[in-house]
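Trainee: Could we go through this model together, one question at a time?
Mentor: Gladly; let us look at it first.

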Amino acid sequence: MSGFKKLHALLAGAFLALSPASASEPDPQNWDMVLAEAKGQEVFWHAWGGSENINAYIAWVGEEVESRFGVTLTQVKISETANVVARVLAEKEVGRTENGAVDLVWINGENFAAMKRQGLLLSSPWSTFLPNYQLTDFENKAVLTSDFTEPVDGLESPWGTAQLTFYYDSASSAFVDGVPPASLDDLEKWIEANPGRFTYAAPPNFIGTTFLKQVLYGLVDDISVLRQPADKETFDLVTAPLWAWLDRVQPNLWRSGQVFAADTTNLKTLLSDNEIDISMTFNPGEASSAVFEGLLPQTTRSFVMDYGSVGNAHFVAIPFNANAKAGAMIVANFLMSPEAQARKSNEEIWGDPTVLAFEKLNAEQLSYFDSMASGEATLGIEEAGATLSEPDAFWSDALDAEWLRRYGAGN
Amino acid sequence: MAGIKKLPLPSQLGLVPILVLILLLVPIGASIITLIGSATNWHGLAGVFSIDGSSFSAVLAAPGFAKSLALSFWIGLFTPIIALLVVMLFIASFNNSGGFVWVWAVMKPVLAVPHAAAAFGLLFLIAPSGFLVRLVSPEISGFLRPPDWLIVNDPAGISFALALVVKEIPFLFFVTMAALPQVDLRRTKIVAGLGYGQVWGWLVAIFPAIYLQIRLPLFAVIAFATSTVDVALVIGPVTPPPLSVQILRWMNDPDLAKRSIAAAGAIIQVGITLSALLVWWLGEHLVMALARMAALRGWRFRADLFVRIFGATLMAISVGLVVLGIALLVLWSFAGVWRFPSSLPEVWTFKTWFSQMPNLLETGWRATKIALVSSGLSLVLVLASLENEYRSNIQITRIAWWIIFIPLLIPQIAFVGGLSVLFLKLGIDGTLWAVIMVHMIFVFPYVYLTLADPWNAFDTRYLNVARTLGKSDNRNFWYVRLPILLAPVLAAFALGFAVSIAQYLPTLLIGAGRQPTISTEAIALASGGNRRLIGTYAIVQTMLPFIFFALASLIPKIAWSNRQALQATRAGK
């Protein structure tokens with residue numbers, strides 16, 4: 001190498017060594033600088049917009065971050081988080097490394113894994129350095145650090161936890177003594193006895209995929225096989241009982257399985273319309289929320305499967321090319337604050353469970369949670385049963401594809 | 001004017017046709033090239049020139065592809081046939097009756113209703129938990145819970161077809177009424193004198209001439225029916241969905257490989273549309289042969305009372321479905337608790353309107369801004385083109401007509417899909433002006449279509465008189481032609497406005513989620529099934545174009561209240 005080129009390489013190396021990992025990424029450990037940088041920024045938060053409760057909550061968050069931190073929050077309502085991943089990926093493809101359309105995205109699971117593996121997130125960990133992260137229950141709740149077995153690595157910030165919960169009208173004549181079918185066998189028998197009164201959301205919608213995983217958990221012999229990806233033969237072998245179960249209930253589903261529900265809101269509407277008798281959701285507080293709204297009768301109750309319930313956490317993440325990274329961090333931090341978390345878990349507003357650890361909160365922070373009482377339709381901690389952790393992200397995609405092949409094409 | 005020779009064009013007006021060509025053809029050409037490149041995995045920029053058909057085979061191998069294809073095809077052919085039949089039967093039966101003007105008055109608001117809103121209304125009406133079943137429950141039907149009937153979202157697409165037909169009928173009615181003044185209606189008296197029945201006589205004497213004029217709009221209807229996405233999302237089949245919906249899903253998949261599969265699917269969609277048009281063209285010849293045979297054999301079909309009543313009933317049902325659907329949307333927007341089997345809401349509330357007002361205002365205002373600009377600019381372009389035709393003595397050729405209609409003949413999912421990728425590369429996606437520009441591509445043909453006939457029917461001798469009085473061409477345009485043509489111009493603007501408001505796919509894809517309009521919000525709510533919300537948004541979506549249609553009727557009446565001859569011009573109203 002010539003002398004000039006050596007000097008050039010040396011200078012470049014020195015420059016790289018001195019600058020932070022990415023010059024444009026705010027450092028959350030220097031929170032004052034983040035606050036200063038965020039002032040006046042506009043954050044475009046791409047979040048699922050299919051539930052009015054959640055949209056209203058996000059609007060409240062917008063008002064708060066505007067008045068407290070000077071950050072303008074705009075919710076971009078999306079129907080599938082996969083679309084956002086596709087968007088950021090497309091931007092990366094055409095070389096847009098700044099001013100991306102997405103500043104913050106509500107995400108978890110296979111979408112997070114996709115973004116992480118394709119390098120679509122910030123280059124260094126940030127969420128674990130946010131001030132409010134210390135209040136979360138990350139030591140005890142594995143779902144906050146391992147997202148569908150993919151390590152979070154500080155690349156997404158926890159927002160809420162979820163557990164697959166079913167709910168129904170206990171006063172309906174479809175349930176003997178108001179007792180719901182809490183095991184897979186009972187559920188299968190119930191569907192047969194009540195044709196056209198049960199459905200699930202069509203995968204790849206999130207709750208549909210979760211339902212498949214829930215049933216798979218109940219039928220598989222050794223659940224450790226779900227902790228890692230599998231090849232085709234293993235997949236077919238492991239999921240054979242699942243397809244057999246679905247085949248058996250298919251003719252007795254709502255609309256004979258020719259039409260499926262679209263998402264959790266659609267399932268709630270179907271139950272409210274008395275088209276189906278059992279609905280399902282991620283949000284254990286959703287049933288109470290709906291009762292409070294007047295959408296469902298007071299006799300609505302929740303239940304979970306007796307062998308455990310698929311549980312996970314949901315997060316917010318910042319893409320690598322976000323325009324308002326500092327503002328996004330401010331929003332992510334605010335979402336974890338006791339005040340925002342308490343309002344979120346208030347069933348009159350949303351009912352989504354909190355990620356915070358109550359032991360870590362001081363008296364003032366705890367007081368936000370005081371005024372809330374759980375509705376009758378929400379299960380207590382003991383009744384909520386064991387949490388089944390999410391399988392590897394491979395299983396979500398593989399189950400979706402196979403389901404579409406078998407049931408999504410009107411076969 | 002019948003002059004065909006092209007004179008030299010001194011004014012800037014001559015640039016307008018070039019501008020129009022650029023507006024219409026360049027985006028289409030660019031997007032098709034992008035699509036083909038994506039579908040064949042052509043990485044030309046990387047210097048690797050290779051194409052492969054793997055994406056196409058992936059599309060063919062997709063689950064349910066054959067059914068999706070068949071669905072798009074049969075819907076695309078069936079709905080225009082039905083719509084055309086109903087419209088022709090109706091006009092044939094009642095053209096001479098006095099109540100016709102009244103029917104025309106009812107038809108215009110129905111025309112203003114966006115496709116998606118009409119589909120929502122129909123959904124609330126005919127669903128098993130919908131209004132019609134509630135009316136008869138539980139007294140007559142004995143239903144305490146909604147029956148498990150597969151009516152909406154049925155795999156065969158019948159409810160989907162119905163939702164399309166009820167909107168195609170007013171549109172075809174509208175274009176037929178625009179075409180009628182070109183035909184000498186005295187022919188009906190001749191055939192009546194020859195002993196033909198009223199309906200058959202009209203079909204023999206008038207229909208062929210009309211058909212030539214409505215052919216292109218009819219092709220646009222076929223193209224729309226084969227490739228619509230928004231109506232399919234509301235009321236179409238789900239397992240499997242029509243091909244256009246499937247393409248949208250592939251387009252939004254984070255898996256990179258699916259993007260080229262989407263492009264391949266879009267090209268196949270274009271193929272489906274073209275095939276449907278080809279089958280229609282063959283059908284035309286078949287019908288011509290049959291009609292010729294019937295004419296030569298002298299079949300008179302005098303006993304057509306049943307046919308006339310049938311035509312009137314079908315038309316009434318079609319209009320009634322839309323009107324009733326809209327009424328239901330209004331009811332649902334004010335409904336608090338409305339559980340099956342109540343026929344009317346048990347609890348009424350303003351809560352939905354109050355809670356949604358900020359978002360309704362924001363998205364409604366954005367939609368209005370986009371529609372005002374795109375329709376306004378399109379109107380300017382159309383007027384400039386037409387005036388240029390007049391001044392240069394050009395008669396617009398058949399080819400030019402086809403070029404104007406190309407945006408309506410290419411499936412939106414294919415065209416806008418390719419365009420959105422292009423805009424992303426250019427970095428202009430997500431901006432308001434990008435959305436307006438793409439809207440203009442679809443608004444321009446409709447505005448031109450609405451304005452062309454009244455423009456040509458204008459008696460240019462007025463302009464000659466003005467010229468002899470020493471006034472310039474420009475002045476005559478503003479002070480003579482435009483005031484006389486005020487009603488058709490406003491009607492064209494209103495139609496362009498309605499077309500822009502209803503646009504879903506262009507706003508969604510080109511706007512990249514940053515430009516939510518009332519239509520994108522309404523369709524996004526469709527999957528949740530929350531009827532209160534859907535009703536509220538669909539009502540606003542309907543009211544916006546309706547306001548402008550009403551203004552388009554009122555303003556000329558007020559402006560020319562003291563000009564009798566300008567009151568009710570036949571053409572284009």
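Trainee: In which loop of chain A is A:Asn274 found?
Mentor: This is a predicted model, where local features need pLDDT of at least 70 and side-chain atom pairs count only at pLDDT 80 or more, while totals for chains, interfaces and linings use all residues. Residues are numbered from 1 along each chain as its sequence is written, with chains lettered from A and ligands numbered from 1 in the order in which they are written. A:Asn274 is not a glycine, yet has a positive phi of about 65°. Helices (DSSP runs of H or I, at least four residues) and strands (runs of E, at least two) are numbered from the N terminus, and A:Asn274 sits in the loop between α9 (264-272) and β8 of chain A.

Trainee: Is A:Asn274 buried, exposed or partly exposed?
Mentor: A residue is buried if 20 or more other C-beta atoms lie within 10 Å of its own, exposed if 12 or fewer, and partly exposed in between, with C-beta atoms placed from the backbone. A:Asn274 has 19 C-beta neighbours inside 10 Å, so A:Asn274 counts as partly exposed.

Trainee: And B:Ala512, is that residue buried or exposed?
Mentor: B:Ala512 also is not a glycine and has a positive phi, of about 50°. B:Ala512 lies in the loop between α22 (505-511) and α23 (518-526) of chain B. Because 22 other C-beta atoms lie within 10 Å, B:Ala512 is buried.

Trainee: Which residue in β8(A) is the bridge partner of A:Thr165?
Mentor: In a regular strand the side chains alternate between the two faces of the sheet. In strand β8 (residues 278-281) of chain A, A:Ile278 and A:Met280 on one side and A:Ser279 and A:Thr281 on the other are all buried. Strands pair if DSSP finds at least two bridges between them, and strand β7 (residues 165-169) of chain A pairs with β8(A) in the antiparallel sense over 4 bridges. The bridge partner of A:Thr165 is A:Thr281.

Trainee: How many residues of strand β6 of chain A are buried?
Mentor: Strand β6 (residues 156-163) of chain A pairs with strand β10 (residues 309-317) of chain A in the antiparallel sense, over 7 bridges. In that pairing, A:Thr161 has A:Ala313 of β10(A) as its bridge partner. The strand β6(A) is largely enclosed by the rest of the structure, because the buried count is 8 of the 8 residues.

Trainee: Where is pLDDT under 50 in chain A?
Mentor: pLDDT is the predictor's confidence in each residue, from 0 to 100. The mean for chain A is 89, and 94% of its residues reach 70 or more. Where pLDDT is low, the predicted coordinates should not be read in detail. In chain A, pLDDT stays under 50 over residues 12-23.

Trainee: Which element gives the largest share of the side of domain 1 of chain B that touches domain 2 of chain B?
Mentor: An automatic or database domain assignment sets the bounds, dividing chain B into domain 1 (51-324) and domain 2 (353-573). Counting two residues as in contact if their C-beta atoms, placed from the backbone, lie within 7 Å, 34 residues of domain 1 of chain B are in contact with 33 residues of domain 2 of chain B. The largest share of that side of domain 1, 7 residues, comes from α10(B).

Trainee: In which loop of chain B does B:Pro240 lie?
Mentor: B:Thr239 and B:Pro240 are joined by a cis peptide bond, with omega about -10°. B:Pro240 lies in the loop between α11 and α12 of chain B.
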